[in-house]
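Visitor: I have some questions about the terms used for this model. Please set each value against its definition.

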Amino acid sequence: MNNIFLEEIDSTNRYAKSNIEKLKDRTIVQAARQTAGRGRLQRCWVDLGGDNLFLTFVLKPSQTFQEVYSNLTQYLSVILCKILEKYDLQPQIKWPNDVLVDGKKIAGILSETVMQGNAFKGLVLGIGVNLNADEKELEKIDRPVTSLNLQTGKSINLKEFKDMLVNDFFENYELFLKEGFSYIKEYYINHAGFLEKEICVQILNEKKSGMAKSITDKGELVLEKDNKDLVLTIGDIL
Ligand code: BTN
């Protein structure tokens with residue numbers, strides 16, 4: 001495994017994408033500060049200071065894109081939840097990969113596929129985890145957010161947390177790629193706080209609402225509306 005540590009960068013995902021040719025499979029790009037962190041739905045990821053985690057996994061598992069790669073964000077959300085449980089927290093997953101504690105977002109995950117023409121170059125799988133945040137700074141964010149120090153009442157060692165996340169990720173990574181979403185399905189469903197609730201999902205420029213009925217073996221969300229099932233592969237619960 002290769003580790004790159006940057007004192008300051010616009011975005012570790014963008015850095016990884018720009019340097020994808022040079023970066024080896026399983027490179028970790030971490031930054032102390034991100035000036036333009038990227039989030040899902042074109043949102044930005046706010047930098048809450050140097051004791052928080054901004055990290056991108058550079059993954060080149062094969063020469064061609066495989067369907068299971070789309071589930072890596074869900075795999076990473078499960079790895080993170082298992083770590084948060086070690087801190088005696090009860091994390092929940094919001095489809096597809098947001099991790100919440102106490103109903104508030106503690107981490108964000110953003111995967112981007114890098115293509116050159118038709119050629120698959122790799123994946124950049126970014127994660128930001130709020131480890132040590134100031135309550136006042138969190139209040140400035142327009143959505144409910146929390147951090148591990150506020151949830152546990154203790155300051156969190158960034159290096160220890162990062163090592164745990166990276167090691168746990170790679171411990172089951174190959175098995176996950178082989179088995180696919182089924183490998184994590186039971187745990188994922190047991191932590192899916194949105195199931196059996198009325199929800200609204202943003203899918204590109206469209207919104208769909210309905211009852212979150214189930215999760216398929218491929219990690220898709222089944223939304224029930226007027227007695228019809230809609231199977232969603234992409235989207236974000238609002
Ligand atoms: C989300 O909107 O929930 C996803 C946020 C992902 C943030 C992380 S921080 C490290 C990596 N670099 C980025 O620019 N974004 C991801």
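Visitor: What makes the contact between the side chains of D236 and R40 a salt bridge?

Guide: The rule asks for a side-chain nitrogen of Lys or Arg within 4 Å of a carboxyl oxygen of Asp or Glu. D236 and R40 are 2.7 Å apart, N to O. The pair therefore meets the rule. First, a caution: this is a predicted model, where local features need pLDDT of at least 70, side-chain atom pairs count only at pLDDT 80 or more, and totals for chains, interfaces and linings use all residues. Residues are numbered from 1 along each chain as its sequence is written, and side-chain values use heavy atoms, with hydrogens and water left out.

Visitor: Why is the D236 and R40 pair said to tie together parts that are apart in sequence?

Guide: D236 lies in strand β14 (residues 236-237), while R40 lies in the loop between β3 (37-38) and β4 (44-45), so the linked parts are 196 residues apart in sequence. Strands here are DSSP runs of E, at least two residues, numbered from the N terminus.

Visitor: Is D236 called buried or exposed, and why?

Guide: Buried means under 20% relative accessible area, exposed over 50%, partly exposed in between (1.4 Å probe, protein chains only). D236 has 11%, so D236 is buried.

Visitor: How many salt bridges does the rule give?

Guide: The count comes to 19.

Visitor: What is the volume of the largest cavity?

Guide: About 90 Å³. A cavity is a set of points on a 1 Å grid over the protein atoms alone, where a 1.4 Å probe fits but cannot get out. Points are joined across faces, edges and corners, and the volume is the space filled by probe spheres set on them. The structure holds one cavity of 30 Å³ or more.

Visitor: Which residues line the largest cavity?

Guide: C44, W45, V46, L48, N130, I141, R143 and V145. Lining residues have an atom within 4 Å of a point.

Methods:
On a 1 Å grid over the protein atoms alone, a cavity is a set of points where a 1.4 Å probe fits but cannot get out, and a pocket is an open set with protein on both sides within 12 Å along at least five of seven lines; lining residues have an atom within 4 Å of a point. Helices (H or I, at least four residues) and strands (E, at least two) are DSSP runs, numbered from the N terminus.
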